[in-house]
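Hi,

Here is the structure I said I'd pass along. Have a look at it first, and then read on for what turned up.

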Amino acid sequence: MRTLLAAACLAVFPLPSALAAGQTAFCSIDTPTAETKYHEIFQPTCHNCYEIGIARAMGAATFQQVLDKVKNVEIDIYDQKDLATGAVKGEWYVRHLAGALGQSGNDNNCTGNGSGTNNLSACLDDIRAFSDAHPGHEVITLYLDKKQGWSMASSQRRPRDLDALVTRRLGGKLYTPSQLKGNAPSVREAAQRTLWPRLQDLRGRVIIALTGDTGHLNEYVKDRGDSAALFVAPNTYFKSDITGRPGNEKEKAVFSTQTASYVVFYNIKNSGHRRQLGTTTRQHGYVARLYGGSGEPSCSIVADCINANALDHWDNSRCSDYERGYLHRRDIGEPGWLPQQAESRSVFSCPSGTLMSGRWHDCGNKGNKCDENGNSTVFCTAAPAGVSVVPSANWESGVTESNSDFVCPDNTALVGRRHDCRNKGDKCDENGTTQYHCAALQRGGQPIAIPAGDGPWSQGVSESSSRFVCPDGQVLNGRSHHGDENGSKSYHCVAIPPG
């Protein structure tokens with residue numbers, strides 16, 4: 001529905017150098033289409049959902065029941081039964097903690113009785129059983145977190161042994177790195193060329209990404225090469241882990257140029273670098289998983305272009321009523337965004353025939369947070385064909401910015417916003433007044449019925465890091481903000497009914 005606008009305006013008012021287009025990339029969430037590919041999707045991901053207590057809290061008694069609810073899952077594996085003793089040859093134990101003497105070595109909700117039979121094989125068998133019982137299911141992504149190093153060859157727990165076990169249990173259901181590589185020079189270049197399959201082509205399939213110590217993952221790739229059954233997702237702290245060779249001084253291990261050519265998954269630490277890491281993976285066609293992000297608004301995770309946000313409560317992943325969707329990569333340098341203004345004295349009015357569908361207030365030149373002196377802008381979207389946008393004669397009455405809950409009247413949507421406290425000089429803070437401008441929507445001269453209460457509110461995000469665009473086909477008709485520039489703010493989107 002969106003038609004890009006204001007190219008001429010952006011040419012006249014270029015972005016400040018500190019906020020050049022490449023530094024303002026972010027993602028919004030849209031409905032997946034038949035052409036959406038695997039690396040373009042945001043979806044809920046459970047963290048430690050093989051744990052009995054975590055799964056039960058979410059209404060799943062078994063690992064197979066977990067798969068009924070969420071298709072991105074994680075399993076922790078250990079080579080040793082406990083702190084001192086080894087494991088059965090060719091097998092791995094599944095539990096969260098290191099283990100204590102005298103225990104079975106397995107503590108999980110996979111098929112088995114807890115006395116040692118519910119090991120990795122049992123969990124893989126559960127995935128196979130679920131897949132067989134649900135032909136054509138959405139792709140299952142398993143993050144296999146290896147908690148210990150590779151054992152000796154005599155223990156049959158080397159990289160080739162793990163591949164053999166996984167292949168034996170899942171067989172042709174696996175989608176492997178070599179299948180992504182195809183005729184490309186490397187797996188990484190295939191991802192850069194966006195040669196990932198479409199979601200619909202991955203139905204009934206399983207993808208496994210190995211996480212853990214950088215050195216252990218490098219050893220796996222070095223051992224297996226093009227024969228690998230698993231992808232690897234190294235811990236990711238810096239942009240160089242993505243654009244160069246994964247690994248850094250934190251883990252005393254670095255991939256070689258050759259092994260780095262197999263890396264297309266990234267396990268991103270929840271840190272101040274998260275934004276740059278997420279947008280970089282999306283730009284290069286890679287897949288990013290965030291760890292340590294429980295409790296954070298998923299709209300913020302979406303904005304950082306991260307595919308998977310590992311959560312104990314995996315149903316807390318909705319952004320603007322979407323828990324799964326296409327990661328639409330954006331930049332405020334693209335047409336549709338109005339020229340930036342200082343937030344403390346800003347007046348935004350969408351061009352004739354357009355409606356407001358997004359807003360940006362995110363001072364990348366000042367780190368993750370900025371106050372009312374930072375820049376902001378809004379995104380304007382062309383109304384659907386046959387829809388007339390008729391702005392009201394007057395702006396709505398002002399509300400205090402720090403305590404504002406505003407929704408346009410029925411049958412209208414936003415076309416303007418101003419936060420311009422001239423009575424307080426050139427600058428004003430969250431105690432200043434904000435006003436909104438609404439417009440009636442008509443088709444053939446008749447009002448289009450859009451009840452103000454329809455549509456979703458987005459999850460709350462910080463005002464100082466506001467990067468939000470409604471899902472495609474929706475426009476803004478409301479906004480809520482409480483507190484100062486670090487306070488929580490939500491957006492209300494509404495769909496325009498088709499004619």
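Let's start with a question: which residue in strand 19 does Q341 stand opposite? The residue facing Q341 is S376. Bear in mind that this is a predicted model.

Strand 15 runs antiparallel to strand 19 (residues 375–382), and two bridges link them.

Next, have a look at V139. You'll find V139 in the loop between helix 4 (120–133) and strand 5 (140–146). Is V139 buried or exposed? With a relative accessible area of 3%, V139 counts as buried, because anything under 20% does. Setting aside neighbours within four places in sequence, V139 is in contact with Y38, K71, L202, R205 and I207. Q200 is 61 residues away from V139 along the chain, yet their C-alpha atoms are separated by 8.7 Å.

The average pLDDT for the protein is 86, and 88% of the residues score at least 70. Residues 1–22 are another matter: there the pLDDT is below 50, although the model gives this stretch 57 contacts beyond near neighbours in sequence.

Cheers

Notes:
Residues numbered from 1 in each chain as written. Predicted model: local features only at pLDDT ≥ 70, side-chain atom pairs only at ≥ 80, totals over all residues. Heavy atoms only, no water. Pairing = 2+ DSSP bridges. Helix = DSSP H or I, 4+ residues; strand = E, 2+ residues; numbered from the N terminus. Buried < 20%, exposed > 50% of the residue type's maximum accessible area, 1.4 Å probe, protein only. Contact = heavy atoms within 4.5 Å. pLDDT = per-residue confidence, 0-100.
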